[in-house]
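Welcome! Please take a moment to look over the sequence and the structure below, and then we will walk through the fold together.

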Amino acid sequence: MNELFKSWLKVQPWSNSECECPSCLSKKIEYYLVGDKNTNVGWCLMWCSSCKDGIHISRMKIPKGVDYESFEESVSNNNSGPQYQINLVQP
Ligand SMILES: [Zn+2]
């Protein structure tokens with residue numbers, strides 16, 4: 001697996017607002033979490049608003065206490081993601 005992708009997987013902006021971008025080391029990580037409100041399983045898009053690198057995690061367990069949108073909310077509110085193109089780091 002790509003080392004940069006692995007570093008991105010360790011970034012957890014929902015529990016640490018001071019985390020650093022693995023690509024450019026700025027602390028401008030943003031994220032968008034969508035999941036099933038019954039199982040807490042969902043997907044995540046995480047990106048750096050400074051260098052625009054990011055990753056998509058297609059399936060993850062969302063930690064307790066973390067706020068996220070349900071799939072229904074995500075569909076009805078389709079502009080919650082980044083408003084610019086993300087350079088997706090590949091696994
Ligand atoms: Zn960055």
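Let us begin with strand β1 (residues 29-35) and strand β2 (residues 41-48), which run antiparallel and are joined by seven bridges. Helices (H or I, at least four residues) and strands (E, at least two) are DSSP runs, numbered from the N terminus, and two strands pair if DSSP finds at least two bridges between them. Please keep in mind that this is a predicted model, where local features need pLDDT of at least 70, side-chain atom pairs count only at pLDDT 80 or more, and totals for chains, interfaces and linings use all residues. Residues are numbered from 1 along each chain as its sequence is written.

You can follow the pairing of these two strands residue by residue. Ile29 has Cys48 as its bridge partner in β2, Val34 stands opposite Trp43, and Gly35 stands opposite Gly42. Five residues lie between β1 and β2 in their hairpin, and Asn40 in the turn has a positive phi of about 65 degrees.

Now move on from β2. Six bridges join β2 to strand β3 (residues 53-61), and these two run antiparallel; here Met46 stands opposite Ile55. This pair also forms a hairpin, with four residues between the strands and a positive phi of about 70 degrees at Lys52 in the turn.

What lies along β1 besides β2? Strand β4 runs parallel to β1, joined by two bridges, and Val34 has Glu69 of β4 as its bridge partner. Putting the strands together gives an open sheet of five, in the order β4-β1-β2-β3-β5, with mixed pairing. Its edge strands are β4 (69-70) and β5 (87-88), each pairing on one side only.

Next, look at the nonpolar residues. A nonpolar core is a set of buried Ala, Val, Leu, Ile, Met, Phe, Trp, Tyr and Cys residues joined through C-beta atoms within 7 Å. The largest one here has twelve residues, among them Trp8, Ile29, Met46, Ile55 and Val89. β1 and β2 each supply at least two residues of this core, and β2 gives the largest share, four residues. In soluble globular proteins, nonpolar side chains tend to be buried together.

Leaving aside neighbours within four places in sequence, Ile29 is in contact (C-beta atoms, placed from the backbone, within 7 Å) with Val11, Pro13, Cys19, Cys21, Met46 and Cys48.

Ser7 and Cys21 are 14 residues apart in sequence and 8.9 Å apart in space, C-alpha to C-alpha.

Finally, a word on confidence: pLDDT is the predictor's confidence in each residue, from 0 to 100. The chain averages a pLDDT of 94, with 98% of the residues scoring at least 70. Confidence is highest in α1, at 97, and lowest in helix α2 (residues 71-76), at a mean of 90.

Methods: Buried ≥ 20, exposed ≤ 12 C-beta atoms within 10 Å, placed from the backbone. Contact = placed C-beta atoms within 7 Å.
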